[in-house]
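Hello,

Here is the structure I promised to pass on to you. Please have a look at it first, and then read my notes below.

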Amino acid sequence: MNYGAGAGRPGGRARTRVQVNRQASGDTERRGAAVADAVVDFVQRLRDNRNNRALRLAFLRKAGDNGDLYLAHPDTHCMVLLLSTDGGDEMRVLAVRDGARARDELARLTVEINPVSGAVEVVDQSEVSENVLALPDRATPLFAAYDDQTLIDLGVVHSLLPAIRKVTTDEQFAKLLTHNLPELTRDVLLALRDHVEPEDVRRHITDEWRADDDVDTHDWARAAKRPVSQAETDDDAVLGALGRSFDAWRLFLHPEQQRLAVADFKGSAKVTGGPGTGKTVVALHRVRHLVDRLPPGHSRPVLLTTYNTNLALDLKERLRLLGGDELLRRVEVKSVDALARELVQESRLDVGRPLSDDAAMDLWHIVRTELNLLEYDADFLDSEFKHVILANRCGSWEAYRRVGRPGRPRLGNAQKHDVWQLVQAYKAHLGTPPRRTTYALIADQAAELEQRRMARVEEQARYKDEQGGRDLVHREAGSGMWLKPRYQHVVVDEAQDLSASHWRMLRAMVRRGPNDIFLVGDAHQRIYGSRVVLGHQGIEIRGRASRRLTLNYRTTRQILGSANRLIEGAPFDDLDAGTDTLDGYRSVLTGLAPQFWRAPDRLTEMRAVATLIKERHDSHGTPYSAMAVSAPDRDSVIEFANVLVKEFHLPAVELGREGVRSDTDAVRVGTMHRFKGLEFQRVFLTSVGDGQVPHQRIEQYRVTNPDRYKQEEQKARSLVFVAATRARDELIVTWSGRASRFLPTDADEIAYPAADLFRHDGPPSGSAAA
């Protein structure tokens with residue numbers, strides 16, 4: 001490209017497409033709001049007119065045949081490095097620096113194309129080399145077992161190899177990771193350091209990043225266009241998020257996430273993955289992609305749904321941040337129960353007022369007592385009703401007697417008959433004036449109503465095909481309904497907690513076809529409901545339409561490793577007929593190891609937790625709202641809240657069904673169930689003692705009902721797993737008496753005595769257990 005006498009400024013038409021790569025975004029966030037504001041303003045001005053002299057674009061050097069590097073001054077305090085391609089019509093911000101040495105720092109950066117991912121990558125080779133100590137005599141480098149070609153083939157950037165060969169200690173390695181390394185390089189090195197075999201690294205990491213096309217390491221125009229190299233900043237809502245401490249998902253997607261968000265599927269698709277892998281991120285971007293493909297209109301043909309109202313509200317707000325009100329105007333965002341209730345109300349059926357969860361359980365206690373069948377507890381009866389009788393549409397005793405019950409506790413015919421009598425008594429109570437119902441019954445009724453509606457839609461579609469449109473207007477007018485499905489696309493978050501009735505309803509809301517249902521979830525986090533085989537509900541997912549995410553963006557490796565051990569060895573499904581594991585599940589974040597604190601009694605434990613919270617706030621500056629206390633049951637929640645507020649005068653609020661709908665700077669206190677879908681900087685996982693987690697009441701089933709025992713134990717493991725993985729930076733586990741068997745076998749030995757917190761010579765703040 002020839003600029004003639006134009007002093008190296010890109011020419012051509014003024015309008016420029018501007019992108020910002022993920023490393024530049026990281027640079028901006030680290031440098032604070034002033035630099036972020038300057039970069040945002042610069043990108044907007046560059047986009048409007050690249051020939052504006054006030055931008056102070058200066059040619060630096062050629063990157064290759066179709067790429068050039070430029071420097072520019074967003075303001076007097078900072079500079080940016082840009083890559084120009086396509087004759088200047090496309091420009092990418094690659095790096096941001098501030099201070100007196102900004103120009104020198106940007107000029108020395110190495111810019112190259114990764115041969116595996118095809119991404120444009122930036123490395124500060126000088127800074128890395130300066131901060132990695134020279135190789136000591138006779139010391140063995142950490143990555144000596146892997147030759148250069150192996151590392152390059154796995155995706156490690158070539159220019160970093162000399163520095164990597166000097167790393168001999170974990171301290172040096174940790175220092176290397178503090179630099180803004182290309183993500184693929186960082187992921188590969190972390191996995192190798194964790195002794196993952198190269199073939200497994202290739203399968204779980206490298207292949208996820210691998211470009212869909214052949215990579216030409218000299219084709220800068222093609223490299224800059226790959227999603228892995230950029231973020232779209234033509235969207236003002238996304239541009240405004242640059243450097244403002246918003247979550248990274250609002251700017252960038254991992255290559256595998258990007259593929260899933262924009263892929264075309266022949267039918268339904270499913271994405272699974274452990275906590276923090278960005279499943280919800282993918283779902284939100286999927287919604288935006290589906291809306292972008294819609295013709296102009298004012299309807300809401302895309303449904304985004306999840307398990308409860310609190311999560312639905314959060315999804316709606318995140319969707320607003322992603323695409324603004326314009327995106328929300330084309331999307332229906334509701335919880336599945338709210339959706340079901342609206343359908344039943346729309347039909348004008350008199351089903352009564354739904355009972356709360358506690359009231360529904362109380363009713364089971366009443367019918368157990370009335371029929372003198374106390375051997376069947378309320379939890380079991382409620383689950384059997386929802387996940388066997390309603391799930392399989394058992395409308396008679398004979399249907400229930402014959403139905404299969406995989407994964408459920410075994411029952412003989414006499415026991416089934418007892419359960420059937422209890423269910424009939426339960427329903428009779430609900431029908432007694434004033435008429436009442438449950439959310440499970442509403443979902444079942446909504447599914448039936450919607451299936452009938454879809455049957456009419458399909459029948460009329462067949463009539464239209466047969467008649468070629470003749471007499472259709474008259475037929476539509478007589479039908480009293482719109483001849484189309486409710487939605488064109490359905491996207492489901494937290495899919496593992498939906499019941500069979502929910503799935504029947506959703507299946508009937510969208511016609512079978514390309515991109516009809518897209519769902520994300522993780523059976524390891526199933527804390528409500530029971531296993532549902534999607535194929536049995538008419539949701540067929542085949543081949544590459546079922547994908548796994550394995551990279552955790554939220555939780556440190558140390559916390560994740562401890563959380564994973566909570567569920568090791570337990571079998572889990574893949575939300576369908578197959579099985580799932582956390583094989584390849586990993587985090588690129590490092591931090592403190594989880595701490596363990598043992599108390600001699602309940603009160604000492606609660607006081608210890610309060611003391612730790614106060615110390616984190618006063619000494620570390622952690623806001624109270626960034627800390628949360630999790631307990632197994634609501635009685636424990638109330639106890640902890642009382643100690644925090646009344647004895648230690650700390651602000652605390654309880655996490656309810658709707659979460660905390662305020663910005664109050666107060667510690668969040670809730671049951672492990674309430675932690676679903678949330679995250680906090682520091683989590684205090686309390687009451688994890690013997691007989692509390694899992695609760696001692698399940699011991700009655702160990703001999704009498706082994707299937708029930710296994711089911712209850714697995715549910716308890718998932719519950720603790722969910723609560724533990726809500727922690728972003730620090731996880732503190734406490735108990736009184738003996739430790740739960742879910743914790744490490746030597747937990748009681750390695751734990752700090754909680755009483756030490758009340759001595760001057762206690763453990764240092766922020767320390768980790770051995």
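What follows is a short tour of what was found in it.

Some ground rules before the tour. This is a predicted model, in which local features need pLDDT of at least 70 and side-chain atom pairs count only at pLDDT 80 or more, while totals for chains, interfaces and linings use all residues. Residues are numbered from 1 along each chain as its sequence is written, and side-chain values use heavy atoms, with hydrogens and water left out.

**The chain as a whole**

The chain has 28 helices and 26 strands; these are DSSP runs numbered from the N terminus, with helices being H or I of at least four residues and strands being E of at least two. Of the 770 residues in the chain, 55% are buried. Here buried means under 20% relative accessible area, exposed means over 50%, and partly exposed is in between, with a 1.4 Å probe and protein chains only. Taking contacts (heavy atoms within 4.5 Å) between residues at least 6 apart in sequence, 74% join residues at least 24 apart.

**Aromatic pairs**

A pair of aromatic rings is described by the distance of the centres and the angle of the planes. Rings of Phe, Tyr and Trp (its six-membered ring) pair if their centres lie within 6.5 Å; planes under 30 degrees apart count as stacked, over 60 as edge-to-face and the rest as tilted. The count by this rule comes to 11 aromatic pairs.

One of them is Phe59 with Tyr70, an edge-to-face pair at 5.6 Å centre to centre, with 75 degrees between the planes. Phe59 lies in strand β2 (residues 58-64) and Tyr70 in strand β3 (residues 67-72), so the pair ties together parts that are 11 residues apart in sequence. Phe59 is partly exposed, with a relative accessible area of 33%, whereas Tyr70 is buried at 0%.

Another edge-to-face pair is formed by Trp364 and Phe385, at 6.0 Å centre to centre and 70 degrees between the planes. Trp364 sits in helix α16 (residues 357-370) and Phe385 in helix α17 (residues 378-390), so this pair links distant parts of the chain, 21 residues apart. Both Trp364 and Phe385 are buried, and together with Tyr426 they form one aromatic cluster.

**Helix α17 and its partner**

The axes of α17 and helix α20 (residues 439-467) come within 10 Å and cross at roughly 15 degrees. Axes are lines fitted to C-alpha atoms, for helices over the stretch in contact, with angles running from 0 to 180 degrees between N-to-C directions. That makes α17 roughly parallel to α20, a term used for angles under 35 degrees. On the α17 side the contact is made by Phe385, Lys386 and Leu390, and on the α20 side by Ala440, Leu441 and Asp444.

**Backbone details**

What kind of peptide bond joins Pro433 and Pro434? The bond is cis, with omega about -5 degrees, and Pro434 is found in the loop between α19 (413-431) and β12 (436-437). The peptide bond from Val693 to Pro694 is also cis, with omega near -5 degrees; Pro694 is in the loop between β24 (680-685) and α26 (701-704).

Arg393 is not a glycine, yet has a positive phi of about 55 degrees. Arg393 lies in the loop between α17 and α18 (397-402) and is partly exposed, with a relative accessible area of 43%. His649 also has a positive phi, near 55 degrees, and lies in the loop between α25 (634-647) and β22 (652-654). His649 is exposed at 65% relative accessibility.

Arg61 is in strand β2 and is partly exposed at 29% relative accessibility. Leaving aside neighbours within four places in sequence, Arg61 is in contact with Asp68, Leu69, Ala107, Leu109 and Val111.

Met627, in strand β21 (residues 627-631), is buried, with a relative accessible area of 0%. Not counting residues up to four places away in sequence, those that Met627 touches include Ile613, His617, Val667 and Phe680.

Terms used:
Angles under 35 degrees count as roughly parallel, over 145 as roughly antiparallel, 65 to 115 as roughly perpendicular and the rest as oblique.
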